[in-house]
Amino acid sequence: MTGDILPDSVFIHRSPETAASKGGPLRGLQIAIQPNISAAGWPTEAGSNALANFKSLEDATVIRRLRQAGASLCGSTRMSEFGFGLQGSQAGGALQDQAADAELVLDMMGESRLAAGRTGVCGFKPSWGLVSRYGLIGLIPSMECCGILSASFTDVREILKVIAGPDELDFSLPGEKPLDFSPQNIDPKNTTIGTINEAQDGLPAGQEEAFRASLDDLNKAGFAVREMSFPDFPLFSPVHQIVGSVEASSAAGRYDSVRYGPRAAGGKNWNEMYLLSRAIAFGPLVKSYLFQGAFFQFERYEAFEDACRIRARLLAGMHALTSHVEFLVFPAVEAAPSTTPASLPQTYAQFASTLFANVTGQPALYLPPGRSAGHSGIQLTGPRLSDARLLSLGEQLLHLGRGGK
Amino acid sequence: MDFEAVIGLEIHVELNCTTKMFCDCPNRYGDEPNINTCPVCLWFPGAMPRFSQQALEKASLVCLALGAELQPRSAFDQKVYYYPDLPKGFQLSQAHLPLSRGGGIYIVDENGQPKRARLHHVHMEEDVAKLVHEMEGRLPISLVDFNRAGTPLVEIVTEPDFRSPYEAMEFLKALRTQVRYTGCSECSMDNGTMRVDANISIRPRGTSQMNTKVEVKNMNSVRHVGDAIAYEITRQTAAVQAGETVILHTRLWDPDKKVTTPMRAKFEGPCVPDPSVPAIELSAEWIENMRSRLPEMPAARAERFVKQHGLTPEEARFLSSDLDVAGYFEALIREGIAPRTAMHWLTTQLVPALKERQLELGASPVTPARLAALLKMLSKDEINANAAREVLVHLFDSGETPEAIVTAKGFRQVSDTGALDALIEKVLAAQPTAVADVKKGQGKAMGFLVGQVMQASGGKANPKVIRELLAKKLAT
Ligand SMILES: [Zn+2]
């Protein structure tokens with residue numbers, strides 16, 4: 001019944017599976033993944049030469065849970081190297097081509113939300129620690145999270161319900177009470193949504209107007225919008241970059257070509273074999289990121305320690321804001337796929353308004369604009385583990401935007 | 001100038017957990033290469049570490065046994081270096097927040113004075129893979145065995161409290177005793193379950209300055225540690241006296257040439273916190289529970305042996321310094337053997353006999369119950385001490401009970417006065433000179449006559465009975 005279809009511009013691997021014979025909440029749902037999410041036997045190169053020809057040995061926890069719930073995996077799409085940024089990524093492409101009902105995209109600086117934005121679907125990054133990372137081949141363990149893309153809010157919620165929760169294979173999941181994901185009514189009369197002034201600094205002129213337009217939508221829906229100040233906000237980007245690059249440099253240390261991965265010829269001893277193999281393993285963007293991480297770890301360790309301290313301060317700051325307002329709204333930046341290779345600063349600039357949620361571990365949601373909206377969508381967030389309420393808010397707004405259906 | 005040495009030790013102790021530290025692979029030594037591996041300990045993409053509760057418990061017991069203070073919060077860091085024995089490019093180790101701080105154990109220095117050697121901290125870490133260097137024809141090849149990768153270790157770091165090789169060696173022996181008592185490690189330098197690095201510097205005697213230290217590795221016995229330290233003290237002293245500066249580096253002990261030689265430094269950087277292994281938080285209740293699981297430690301046991309069994313402090317310390325010997329001793333006591341007899345037979349007969357046969361006490365075919373049965377026959381005068389020693393030899397080779405061996409081999413002592421009377425008469429008749437000497441009051445001659453009767457009985461007579469009978473006969 002199954003047979004590989006030739007890879008195309010969106011998919012790097014297609015393996016239409018028949019749905020599980022037993023029923024399940026996700027029965028009939030077609031889900032596309034990326035090749036950095038382990039599915040046993042599938043090519044799992046994570047967009048990198050470091051894992052050329054690598055095939056997963058076992059299913060990631062999210063994959064196992066999706067299959068048990070009756071979902072079918074339809075293939076994996078082209079991705080950026082190790083899922084860092086969107087260069088070369090076709091995330092969202094399977095939805096656009098109507099080849100899948102939902103996609104899973106690892107979100108380490110906002111990738112799932114930006115991909116959802118360019119596709120015009122919902123993109124949700126759950127709270128850090130809510131979804132098992134077992135089997136996800138990432139780069140920044142303390143920031144990355146399995147994101148969900150779908151045009152249907154019900155599908156996003158149902159998928160999250162299935163993949164969330166404690167996993168005996170991922171001890172880093174805090175032992176929190178299981179969340180109740182059933183839809184909740186968010187009463188606009190009792191709900192304030194905050195904006196952070198500093199988050200809009202430096203927005204391109206057109207986008208600032210678009211953001212105003214999206215706030216009007218919230219007002220129209222009956223929500224009070226409150227402007228707030230968080231002077232530390234500009235620190236999110238450097239903190240993400242320093243902590244993230246150090247973690248990445250450590251995490252990528254395993255790609256030594258001893259146990260798997262391509263081994264460069266010509267090394268006269270193990271040391272040369274390492275150096276040559278690692279030289280061909282990574283592309284320019286990831287390589288510069290790894291260099292940066294190694295630089296901070298070995299040459300500017302104090303800067304790394306500072307970044308860790310500031311990260312704790314940013315966490316506390318965001319927590320304080322969400323004790324005044326229940327949700328926060330951020331601009332949704334348009335991310336046109338670029339053909340020229342992005343530099344590290346360009347990549348960070350692109351994700352400037354999304355990476356805060358990766359630093360703090362908060363849930364974040366990209367919501368596509370309604371039919372007649374004068375903007376390109378909005379980004380919403382709430383405190384960590386407020387995932388259920390954030391989804392309910394998103395769903396309510398989406399229905400209003402689509403004409404209250 | 002007169003110099004003194006400042007010595008600190010770093011001891012890696014492999015915990016005898018059933019699994020590795022972050023996966024369920026067996027923690028077993030000596031298996032075929034690379035069979036005890038899984039995606040986690042080979043660090044395949046997507047694998048995540050799962051910290052073993054057993055490793056935490058055993059490591060904590062070791063800390064408590066060394067008088068160290070378990071920290072309410074500790075965490076794993078990534079010790080980054082690259083080498084083919086390290087699957088993920090970093091070793092999970094506790095660099096910033098160790099499992100315990102402080103602690104120490106008592107040793108006795110060269111002058112017989114007790115001295116407390118302090119610990120700086122104890123931290124947990126995973127072991128790395130083993131490299132095997134071979135030749136494939138003329139081509140040198142390096143093979144990696146990942147069976148050891150990820151097996152659980154504690155690293156015990158002392159304060160620089162030792163001033164001589166002797167003190168360092170005494171500490172290692174005392175440490176081994178303490179850790180073995182917990183049952184958490186075999187702690188043997190022979191098979192690598194205990195590995196010791198020494199940090200050595202010298203300074204003018206009487207000063208308190210801390211000079212540049214040199215690390216020495218690759219010693220595989222306590223004696224080698226002492227030798228390497230002694231060599232290094234001599235080498236550094238000569239160097240300083242020749243006007244050279246000691247530079248920070250690592251040296252390898254060469255056990256054949258008995259010298260240390262410099263080794264190439266490993267590339268190593270500062271440690272960063274590991275984002276995937278949750279921090280370890282220990283409650284006061286948990287720590288107390290662990291403390292209650294700690295067995296009676298050697299010092300307390302020795303004290304009890306003195307009070308309960310009337311041993312001298314030296315005897316008690318000797319018995320309690322080895323967990324197995326102490327346990328065997330107590331088993332003999334439980335079988336009803338007098339403490340002094342038990343100690344005497346255990347230390348002068350059984351332990352040497354085991355050593356001769358290269359057997360461990362735990363694997364002794366002469367169980368406490370069998371030895372006790374033999375010693376009971378001795379105390380009831382059913383056999384004499386010579387016979388008992390011979391029966392002991394037979395107990396090693398035969399599964400028979402001591403009683404059966406005594407009967408079969410005719411070791412039973414003759415205490416029957418009627419049977420002995422005839423022998424005595426014969427001896428007295430044959431030894432008129434000795435008889436006369438006894439009557440003149442010469443004690444030596446009595447001993448000679450007892451010996452003669454013993455010989456005539458083929459060693460089976462009860463010497464006490466012979467003595468009594470002889471005394472009675474010669475008094476008339
Ligand atoms: Zn394993």
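**Contacts, cores and a metal site**

Guide: Setting aside residues up to four places away in sequence, F82(A) touches N36(A), A46(A), S48(A), A50(A), L51(A), M108(A), I137(A), G138(A), L139(A), Y255(A), F282(A) and V286(A); a contact means heavy atoms within 4.5 Å. This is a predicted model, in which local features need pLDDT of at least 70 and side-chain atom pairs pLDDT 80 or more, while totals for chains, interfaces and linings use all residues. Residues are numbered from 1 along each chain as written, chains are lettered from A and ligands numbered from 1 in written order, and side-chain values use heavy atoms, without hydrogens and water.

Visitor: Which residues touch the most other members of the largest nonpolar core?
Guide: In soluble globular proteins, nonpolar side chains tend to be buried together. A nonpolar core is a set of buried Ala, Val, Leu, Ile, Met, Phe, Trp, Tyr and Cys residues joined through side-chain atoms within 4.5 Å. Here "buried" means under 20% relative accessible area, "exposed" over 50% and "partly exposed" in between, with a 1.4 Å probe and protein chains only. In the largest core, of 123 residues, these are I31(A), L66(A), F82(A), L104(A), I159(A) and L380(A). A second, separate core of 107 residues includes L64(B), L119(B), W286(B) and I333(B).

Visitor: Is G28(A) buried, partly exposed or exposed?
Guide: G28(A) counts as partly exposed, because its relative accessibility is 48%. The C-alpha atoms of G28(A) and A71(A) are separated by 5.9 Å, although the two are 43 residues apart along the chain.

Visitor: Which atoms coordinate the zinc ion?
Guide: Donors are N, O and S atoms within 2.8 Å of the metal (3.2 Å for Na, K and Ca); water is not among the atoms, so sites may look incomplete. In this model the SG atoms of C23(B), C25(B), C38(B) and C41(B) coordinate the zinc ion at 2.3 to 2.4 Å. The spacing of these donor residues in sequence is C-x1-C-x12-C-x2-C.

Visitor: Why is C23(B) counted as buried?
Guide: C23(B) counts as buried because its relative accessibility is 4%. C38(B), at 19%, also counts as buried.

Visitor: What share of chain B is buried?
Guide: Buried residues make up 52% of its 476 residues. Among contacts in chain B between residues at least 6 apart in sequence, 69% join residues at least 24 apart. Along its principal axes, the C-alpha trace of chain B spans about 95 × 60 × 55 Å.
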